[in-house]
Amino acid sequence: MTAVTPFAPKQPIAADPLDPGFGIYVHWPFCAAKCPYCDFNSHVRHQPVDQERFVAAFLKEMETMRRLSGPRTVTSIFMGGGTPSLMAPATVDAILSGIARHWHTPDGIEITMEANPSSVEAERFRGYRAAGVNRVSLGVQALNDRDLKFLGRLHDVDDALKAIRLAREIFPRMSFDLIYARPNQTVADWDAELKQAVSYAVDHLSLYQLTLEEGTPFFGLHKAGKLVLPDGEQSAILYEATQEITAREGLPAYEVSNHARPGAESRHNLTYWRYGDYVGIGPGAHGRLSTGGAKIATATERHPETWLSQVEANGHGMVNQEVLELSEQADELLLMGLRLTEGVDLARWQMLSGHGPDPDREQFLIDHGFIERLGNSRLRCTPAGMLILDAVVADLAC
């Protein structure tokens, strides 16, 4: 086994004035089919996956990650993919039991699992719940069959509604995803679809604009002129309508693409956006860990079988462990934190960067209505600023 030891820091890590929590992310990389818009690390296998072998590798990589992280109290666990709901309940149980052996996992922490409606069965859902999953995130993506077919989904609306009903019956918390800014989608169409979504007693929605990612079939179709999406102006109108509709329906945005009733926000995702530490386990998983006086970024091998072989040989599948300079941490904090409606803690940013925002740049962005101060302690994007978030981050980070 190849030993993994903490890095010697290039410079001391700044103490966090806030506690954003400590998360564990587990990546299950397999899907029944690859959607034409998806650039996630997901893979289709036409033969059954050897789940016992992969579980053994997950447990082995946990040992390495535990040595890196040291003893920590977990505040959330997230099983993403791919399609984690293709796992047998026994696989999920083994993974969660392994996490509990390596880190302290208090009762009642948030344990989320992604699921596709096409792979949902009542018996399997009950098995996940018995294993400890208490929050499910469903990849619904659309609430009409025409657009589900266009998006390459394997389920129809009836499947989606069945999955939503089962999730509500079995799990204490449930969220689902929708994709908007689809071809020919009007604000009226989207308004009706969102109202329908909220009517299913949902307390959290993740609402993403359809984007064209290089290397996906949709990207190729668009480049060939065979796929036309709403232009920038129409996309902005749909985004603004999304904020208005969800606020009106009692699920205001707490992040650029995520909406929740107060108290139902995703604890795990808040750990990312508040720039907390998290372990990434499995093929293509990323992590951020404060260890040995440094903050390191970890990344594992993306190809599932290659990752599996590496873990079996070396005890981990990591292909990258990088010490982050304080300036890099400051940039990441800004990039993640400005996604949140609560904004960024200025004292923490200054502690990492060694300086506050440039007064002239900040005033320019304030004068143009893109950012605002919350007292003297926080800085956040306005709704107008969220529309050009990347530009705002780039301007402030200079």
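Me: Strands are DSSP runs of E with at least two residues, numbered from the N terminus. With that settled for this predicted model, which strand does Gln141 lie in?

Reply: Happy to start there. Gln141 is a residue other than glycine, yet its phi is positive, near 75 degrees. The strand that holds Gln141 spans residues 135-141, and its name is β6.

Me: Is Gln141 buried or exposed?

Reply: The cut-off to keep in mind is that buried means under 20% relative accessible area. Gln141 has 9% relative accessibility, so it counts as buried.

Me: Let's stay in the strand. Which residues is Ser137 in contact with, leaving aside its neighbours within four places in sequence?

Reply: Ser137 lies in strand β6. With a relative accessible area of 9%, Ser137 is buried. Beyond its neighbours within four places in sequence, its contacts are Thr112, Met113, Glu114, Ala115, Ser175 and Asp177.

Me: Phi of Ala181 is a positive value too. Near how many degrees is it?

Reply: Ala181 belongs to the loop between β7 (173-180) and α6. At 2% relative accessibility, Ala181 counts as buried. Ala181 is a residue other than glycine, and its positive phi is near 60 degrees.

Me: Now a peptide bond: is the one from Gly81 to Gly82 cis or trans?

Reply: Gly82 sits in the loop between β4 (76-81) and α2 (89-102). Omega for the bond from Gly81 to Gly82 is near 20 degrees, and the bond is cis.

Me: On to the helices. How many Å apart in space are Ala131 and Ile95, C-alpha to C-alpha?

Reply: Ala131 has its place in helix α3 (residues 122-131), and with a relative accessible area of 15% it is buried. Leaving aside neighbours within four places in sequence, Ala131 is in contact with Pro89, Val92, Asp93 and Leu96. Ile95 is 36 residues from Ala131 in sequence, while their C-alpha to C-alpha separation in space is 9.4 Å.

Me: What is the relative accessibility of Ala167?

Reply: Ala167 is found in helix α5 (residues 157-170). Apart from neighbours within four places in sequence, Ala167 is in contact with Phe125, Val136, Leu138 and Met174. Ala167 counts as buried, and its relative accessibility is 0%.

Me: And where is Asp203 found?

Reply: At 16% relative accessibility, Asp203 counts as buried. Leaving aside neighbours within four places in sequence, Asp203 is in contact with residues including Arg168, Met174, His259 and Arg261. As for its place, Asp203 is in the loop between α6 (187-199) and β8 (204-209).

Me: Next, the pair α11 and α12. Are they roughly parallel or roughly antiparallel to each other?

Reply: Helix α11 (residues 326-337) packs against helix α12 (residues 346-353) with axes 7 Å apart and at an angle of about 155 degrees. Angles over 145 degrees count as roughly antiparallel. The two helices α11 and α12 are therefore roughly antiparallel.

Me: How many residues of the contact of α11 with α12 are nonpolar?

Reply: From α11 come Leu326, Ser327, Gln329, Ala330, Leu333 and Leu334, and they meet Arg348, Trp349, Leu352 and Ser353 of α12. Besides three polar residues and one charged residue, the contact has a nonpolar count of six.

Me: Within what arc do the buried residues of α12 fall, seen down its axis?

Reply: Those buried residues are Leu346, Arg348, Trp349, Leu352 and Ser353. They line one face of α12, so the arc that holds them is 160 degrees.

Me: What follows α12?

Reply: At the start of α12, a side-chain oxygen of Asp345 comes to within 3.2 Å of the backbone nitrogen of Ala347. Directly after α12 comes a residue whose phi is positive, near 85 degrees: Gly354.

Note on methods. Residues are numbered from 1 along each chain as its sequence is written. This is a predicted model: local features need pLDDT of at least 70, side-chain atom pairs count only at pLDDT 80 or more; totals for chains, interfaces and linings use all residues. Side-chain values use heavy atoms; hydrogens and water are left out. Axes are lines fitted to C-alpha atoms, for helices over the stretch in contact, and angles run from 0 to 180 degrees between N-to-C directions. Helices (H or I, at least four residues) and strands (E, at least two) are DSSP runs, numbered from the N terminus. Angles under 35 degrees count as roughly parallel, over 145 as roughly antiparallel, 65 to 115 as roughly perpendicular and the rest as oblique. Contact means heavy atoms within 4.5 Å. Ala, Val, Leu, Ile, Met, Phe, Trp, Tyr, Cys and Pro count as nonpolar, Asp, Glu, Lys and Arg as charged, and the others, Gly among them, as polar. Buried means under 20% relative accessible area, exposed over 50%, partly exposed in between (1.4 Å probe, protein chains only). The arc is that of the directions from the helix axis to the C-beta atoms. A polar contact is a pair of N or O atoms within 3.5 Å; within protein, one must be able to donate a hydrogen and the other to accept it, and residues adjacent in sequence count only if both atoms are side-chain atoms.
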